[in-house]
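Welcome! Have the sequence and the 3D view ready, and let us walk through this protein together.

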Amino acid sequence: MNYAFLILHYQNVELTRSCVESILSNPSSSKPFILIVDNASPNGSGVCLKQDYANNQQVEVLLNKKNLGFAKGNNVGLRYLNETYSPEFIVMLNNDVEIISTDFCQAIKDEYVRSEFAVLGPRIILLGDKQDLYGFEPAPISSLVKSLVSLSAKRVLCVVGAERIIRKIEAQNDADTASQSGLIKRKLTYQRDVVLNGCCLVFSKKYFNEYSGIDDRTTMYKEEQLLYLRIKKKELRSIYNPELVVFHNASSSERLSGEEYLSKKKRFYKYQTQSTMVLLNSIVFGERERR
C-alpha cells in the first residue's frame, strides 16, 4: 500500500462523508485506502459510518471506546495503519477537510523524491476562498508566557460570567488574525523546516522510523508546535508545498449564549493552558516524551 488516509471522526457524519468522498473521487489515486477513527461520538455516528462502509474494501472504521482527544485519537489510527498495512505515506486529516488537488498523491510522491520529507503540509483554503493564516515559525518563549497570562485571565472571566467582555476580546483576536495579510503571499511559497498546520499532514516512513505516532501529552491544541520540535530534534525535514491544496471547512462557531458559551470557552481555555504548558516545558526543559 502506497497511500493511506486517516480521518479522526467526532459527531458530524456529513463532514466525514464529504471528506471520504473527496478522497475516493480524487483522480490521482485509483484505489486510496481510508481509515476512519471514531472518537467515541455520543450521537452514535461512528456506528453509522461503520455500517455505511461495511461493503467498501477501501474504507475501514475503528470505534474508540472513549474520547481520547486529538493526539491520542489519531495515534490509534497511525499505529493501526503502520502495524496492519505499513503504507509508504499516511495522510492524517481532520474530518472537515476535503482534497482539492487532482494530483494530490502524485504530488506527495514527487515531493518525497525531491526532499525526502518526514512530514509534508499542503496549502489550505478556507470558506470564501480565503487562505489559512497559520504561522510557519515556532512560538517564542515570551509569546507562550504571555499566552499563559492571557488564558488565566480569560478563565477567571469565565468563572465570574463576564460573557460580554470575553466576546469582545475574542472579536479583537479574530480581527488581529485577519489583519495579517502579509502572510498570504508567503502561503503560496514553498517552505522548508517550518511549523505545519495540523488539519492535514502527510507522514512518510522517515517519520515513523523515529516515532510511532504524534506527541500525545496534550488533549488538543499545540500539536503542530510539538511536532516541529520532534522533527527538529531528530534532524528530519518538514515541508510546506502549496502545490498540494485542501479545503478546510473551519466555519465559525455557532452563536451560543450564556452558560453554553461560557462552558465552551472554559474547556477551550483549559486545554489551551494545558497544551501551552507542555510546549513551554518541552522548549525550556527538554521534557522527555514518549516515542
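This is a predicted model: local features need pLDDT of at least 70, side-chain atom pairs count only at pLDDT 80 or more; totals for chains, interfaces and linings use all residues.

Helices (H or I, at least four residues) and strands (E, at least two) are DSSP runs, numbered from the N terminus. Residues are numbered from 1 along each chain as its sequence is written, and side-chain values use heavy atoms, with hydrogens and water left out.

Is Ile283 buried or exposed, or something in between? Buried means under 20% relative accessible area, exposed means over 50%, and partly exposed lies in between (1.4 Å probe, protein chains only). Ile283 has 31% relative accessibility, so it counts as partly exposed.

Ile283 also belongs to a nonpolar patch on the surface, together with Ile141, Val145, Val149, Val284 and Phe285. Patches are made of residues with over 30% relative accessible area and no salt bridge; like charges are joined within 9 Å, and nonpolar side chains (Val, Leu, Ile, Met, Phe, Trp, Tyr) within 5 Å. A salt bridge, in turn, is a side-chain nitrogen of Lys or Arg within 4 Å of a carboxyl oxygen of Asp or Glu. The patch has about 540 Å² of accessible area in total, by the Shrake-Rupley method with a 1.4 Å probe, where only the protein chains shown count as cover for residues. Helix 5 (141-159) and helix 10 each supply at least two residues of this patch.

How far apart are the end C-alpha atoms of helix 10? The expected span of a helix is 1.5 Å times one less than its number of residues. For the 28 residues of helix 10 (residues 258-285) that gives 40 Å, and its end C-alpha atoms are 40 Å apart, which agrees. The helix has buried residues too, among them Tyr261, Leu262, Tyr269 and Leu280. Gly286 follows helix 10 and has a positive phi, near 60°.

## Helix 1 and its surroundings

The same check works for helix 1 (residues 13-24): its twelve residues should span 16 Å, and its end C-alpha atoms are 16 Å apart, which agrees. At its start, a side-chain oxygen of Asn12 comes within 3.3 Å of the backbone nitrogen of Glu14. This is a polar contact, a pair of N or O atoms within 3.5 Å; within protein, one must be able to donate a hydrogen and the other to accept it, and residues adjacent in sequence count only if both atoms are side-chain atoms.

Val13, Thr16, Cys19, Val20, Ser22 and Ile23 are buried in helix 1. Their cover includes strand 1 (3-9), helix 2 (45-52) and strand 5. Contact here means heavy atoms within 4.5 Å. In strand 5 (residues 97-99) you will find Ile99, which is buried at a relative accessible area of 9%. Ile99 touches residues including Ser22, Ile23 and Val246. Val246 is 147 residues away from Ile99 in sequence, but their C-alpha atoms are 4.6 Å apart in space.

## Salt bridges

Side chains of opposite charge can pair when their charged atoms come close. The whole structure holds eight salt bridges, including these:

| Salt bridge | N to O distance |
|---|---|
| Arg17 and Glu14 | 2.8 Å |
| Glu163 and Arg167 | 2.9 Å |
| Arg217 and Asp215 | 2.8 Å |

Arg17 and Glu14 are three residues apart in helix 1, so about one helical turn separates them. Glu14, Arg17 and Asp52 are linked in a network of salt bridges. Glu163 and Arg167, four residues apart in helix 6 (residues 163-178), are likewise separated by about one helical turn.

Most residues other than glycine have a negative phi. Ser86, in the loop between helix 3 (69-84) and strand 4, has a positive phi of about 50°. Glu235 has a positive phi near 55°, and sits in the loop between helix 9 (223-233) and strand 10 (238-248).

Finally, look at Asn39 in the loop between strand 2 and helix 2. Asn39 is buried at 4% relative accessibility, and a polar contact of 3.2 Å joins its side chain to that of Asn67.

Note on methods: Lists of a residue's contacts leave out its neighbours within four places in sequence.
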